[in-house]
Amino acid sequence: MKSPLMAALVRLAMGATARWVGCGPTLSQRIYFANHTSHLDTLVLWAMLPTSVREHTRPIAARDYWGANALRRWVAQSLFNAVLVERKRICAHDHPVEHMVEALGTTNSIILFPEGERTPGPEVAPFKSGIWHLARQRPDMELVPVYLANLNLILPKGEFLPVPLLCRATFGQPMHIKPNEGKADFLHRTRSSLDQLRQQ
């Protein structure tokens, strides 16, 4: 299925809309980071991007889930060109951050969920350190917070059939890692940017 058609079907089926309050779509390289409450998160955020941006944007996905069987692996890699990374047994020769840096290259953007796993409610859980390590390696990257609303209600954790509700992706103000910014300060600042979008 072609990308524009699939994205249109996602927007229609989920009643999904995009709200760009801190920036607009661009072909510039970016790291889109979002809250994670549903298996639909990647699909909806991806579908909210214009076609030209979407074609150069690769979701980061958990290998233990999306690589668990041939169908999931095909969906992740063939439909979304996702980067499958290890999140449980991390080692030096297979480190998620290195795969993210490689995926960015010189032209791509990525979609990242810094909480690391799904949370049951709308609150943003503490971030894992991967986004800090990634930002340190690519300080040139714009980091764009994206708050996904209602997806935890449309497809809650443990459920298989979606509930017919509207959802929205709110894109916030881009940020960069600051020179010599420590991990704790950076993670607090990026997480707070999602909390601010949640409250708007």
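**Pocket and helix contacts in a predicted model**

In this predicted model, the lining of the largest pocket draws at least two residues from each of strand 3 (57-62), helix 4 (63-66), helix 6 (96-104) and helix 7 (130-137).

Student: What makes a residue part of the lining of the largest pocket, and which residues lie nearest its centre?

Tutor: A lining residue has an atom within 4 Å of a point of the pocket. The largest pocket has 30 such residues, and Ala 62, Arg 87, Phe 113, Gly 116 and Glu 117 lie nearest its centre. The volume of this pocket is about 760 Å³, and its lining comprises 14 nonpolar, nine polar and seven charged residues.

Student: Why are helix 7 and helix 9 called roughly perpendicular?

Tutor: Angles of 65 to 115 degrees count as roughly perpendicular. The axes of helix 7 and helix 9 (residues 183-198) cross at roughly 105° and come within 9 Å; helix 7 and helix 9 are therefore roughly perpendicular to each other. Their contact joins Ile 131, Trp 132 and Ala 135 of helix 7 to Lys 183, Phe 186 and Leu 187 of helix 9. By class, that contact has five nonpolar, no polar and one charged residues.

Student: How do you know which residues of helix 1 and helix 2 are in contact?

Tutor: Contact requires heavy atoms within 4.5 Å. On this basis, Ser 3, Met 6, Ala 7, Val 10, Arg 11 and Met 14 of helix 1 meet Leu 43, Val 44, Trp 46, Ala 47 and Met 48 of helix 2. The classes represented are nine nonpolar, one polar and one charged residues.

Student: At what angle do the axes of helix 1 and helix 2 cross?

Tutor: The axes of helix 1 (residues 3-14) and helix 2 (residues 41-48) cross at roughly 115°, and the crossing is left-handed.

Conventions
Residues are numbered from 1 along each chain as its sequence is written. This is a predicted model: local features need pLDDT of at least 70, side-chain atom pairs count only at pLDDT 80 or more; totals for chains, interfaces and linings use all residues. Side-chain values use heavy atoms; hydrogens and water are left out. Axes are lines fitted to C-alpha atoms, for helices over the stretch in contact, and angles run from 0 to 180 degrees between N-to-C directions. Helices (H or I, at least four residues) and strands (E, at least two) are DSSP runs, numbered from the N terminus. A crossing is left-handed if the near helix is turned anticlockwise from the far one by less than a right angle, and right-handed if clockwise. Ala, Val, Leu, Ile, Met, Phe, Trp, Tyr, Cys and Pro count as nonpolar, Asp, Glu, Lys and Arg as charged, and the others, Gly among them, as polar. On a 1 Å grid over the protein atoms alone, a cavity is a set of points where a 1.4 Å probe fits but cannot get out, and a pocket is an open set with protein on both sides within 12 Å along at least five of seven lines; lining residues have an atom within 4 Å of a point. Grid points are joined across faces, edges and corners, and a volume is the space filled by probe spheres set on the points. Angles under 35 degrees count as roughly parallel, over 145 as roughly antiparallel, 65 to 115 as roughly perpendicular and the rest as oblique.
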